[in-house]
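Here is a short report on one protein chain. Look over the sequence and the 3D view before reading on.

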Amino acid sequence: GINAEYGDTYQNWLKHLNSKGYIKHFIESINTDNQNLLAGLSSDNIKPLFIYEAKLAFLAQIAQTEAGATTLLEAGIIPRLSELTILHQLPISSELYKQHLLVQPVFTLLTSLLTSLGSRHVVANQQASHLVCVHSELISSIVKGDGVLERSKHDYQDLCVVTSLLAWLRAHQHDLDEEDVAVSIQLQSTGTQLQRHLINLLHSLQLPGKCTTADTDLEVQTIKLQIITNIVSYCVSAMGTSNVIHAVFSPELGTKKGNNLNLLIGMLQKALEASSQHSDAYSQLIHKAMHVNQLSTEEQRELASCVAPDTDKCSAVQRAKYAELRLEQLADTKDRQLALYTQLIENLIYLLWRHVQYYTVYCKDPTEGIGGEPLPKKLLSANNDYIKNLARELPLHLTDPLLKKVVDFCSNKTSSSMTSSFTSALVRRVRKLMTA
């Protein structure tokens, strides 16, 4: 693999590949493989798909550094991925693994490249947004789960990398060239459609419940949590800047149907409940890792078997070390999950605050200073009663004990005092709006 820590050696290697035209040739070869890939989709020979996957994985490694990402961008990697017509050849449901081999490498490469270039790289964001428009049918299919009765781990992996990309682009959409009217209209149309599909996913995806130590279940749990966090982050960006608010959720309370504030409050309650369970599990794992010798031989053997294939031949000391390593792995995963919960809970509180502010302040008096995108008259009329009653009914759903749990969780688990202070400030603003 490529290690950026090699410094000058890596830079010289990259310059050599680029100056000799290898990278350009490599990128162009992706599109010339279309016929071979089509053959791989329609037969049992999936070797072309694995070669394609390896090529994009190699480019994704190059994209992990700013220098490598810049080199790929200048070589035209994103336009070439936009022209990858094989992505429009969706396989039938029985061949969804082949779709995974096609989709995952593209969006992993793109996400890696954008992350390395940074949020202010307008050209990369423009080209990536165009790619989303070109492949919007494929992306919508992945988000909606077309042809899938029950999503597999590969389906969730695809969904995770796609929602991560969409959340990134939505957060930086204001950086795009507003003079390109055609692209702007296309982006708005595609974005509206995808936003609807993404929010619908929040109804079907469940936050991880019972804690597990099984590798597959634990991995899927983490991926699901990341997907939900990505979608909620997308919604935060979709609300717009601090000067102009765009309502994403309607003001209904007390109904489980529809994309409304009740959905956000329900997610907040479940996130706090699940995060409490995961926090307890994390503490238990850390305690066990520190006192691994106090565990029974059977429990040590069970933990060690996840690290070493044949623990029966291990010495007691070696088995204990393997068990400790496994406990540390599980604790690291729980820690990552708790970090995602912190981000999710913070964003849910932010969404609630902005929506309550919009409905209780702006919709009642548009001359107030917060600004906002006016609701269409038909929609405003349909929601008028909900808006009038929102301030009175909200404390019955967004209760003081619930808000206290939010502050306590973020204060206890977040590694950043700034994040904790920000969340506490949001809670105070919500409370102020409810008592105004």
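## Buried residues

A residue counts as buried when its relative accessible area is under 20%. Keep that cut-off in mind. The model shown is predicted.

Which residues of helix α8 are buried? They are Ala124, Asn125, Ala128, Ser129, Leu131, Val132 and Cys133. Across the chain, buried residues make up 49% of the 436 residues.

## The length of α8

Helix α8 covers residues 122-134, which is 13 residues. How far apart are its end C-alpha atoms? They lie 18 Å apart. At 1.5 Å a residue, the helix should span 18 Å, so the two values agree.

## Where α3 meets α4

Helix α3 runs over residues 34-41, and helix α4 over residues 47-62. Their axes come within 7 Å and cross at roughly 130 degrees. Therefore α3 is oblique to α4.

On the α3 side, Asn36, Leu37 and Gly40 make the contact. On the α4 side, Pro48, Leu49 and Tyr52 do. What kinds of residues are these? Four are nonpolar, two are polar and none is charged.

## The whole chain

The chain has 19 helices and zero strands. Residues 24 or more positions apart account for 76% of them.

The surface comes last. The chain exposes about 21800 Å². Carbon and sulfur atoms supply 50% of that area.

Conventions. Residues numbered from 1 in each chain as written. Predicted model: local features only at pLDDT ≥ 70, side-chain atom pairs only at ≥ 80, totals over all residues. Heavy atoms only, no water. Axes fitted to C-alpha atoms, helices over the stretch in contact; angles between N-to-C directions. Helix = DSSP H or I, 4+ residues; strand = E, 2+ residues; numbered from the N terminus. Parallel < 35°, antiparallel > 145°, perpendicular 65-115°, else oblique. Contact = heavy atoms within 4.5 Å. Nonpolar A, V, L, I, M, F, W, Y, C, P; charged D, E, K, R; others polar. Expected span 1.5 Å × (residues − 1). Buried < 20%, exposed > 50% of the residue type's maximum accessible area, 1.4 Å probe, protein only. Areas by Shrake-Rupley, 256 points an atom, 1.4 Å probe, with all protein chains shown as cover.
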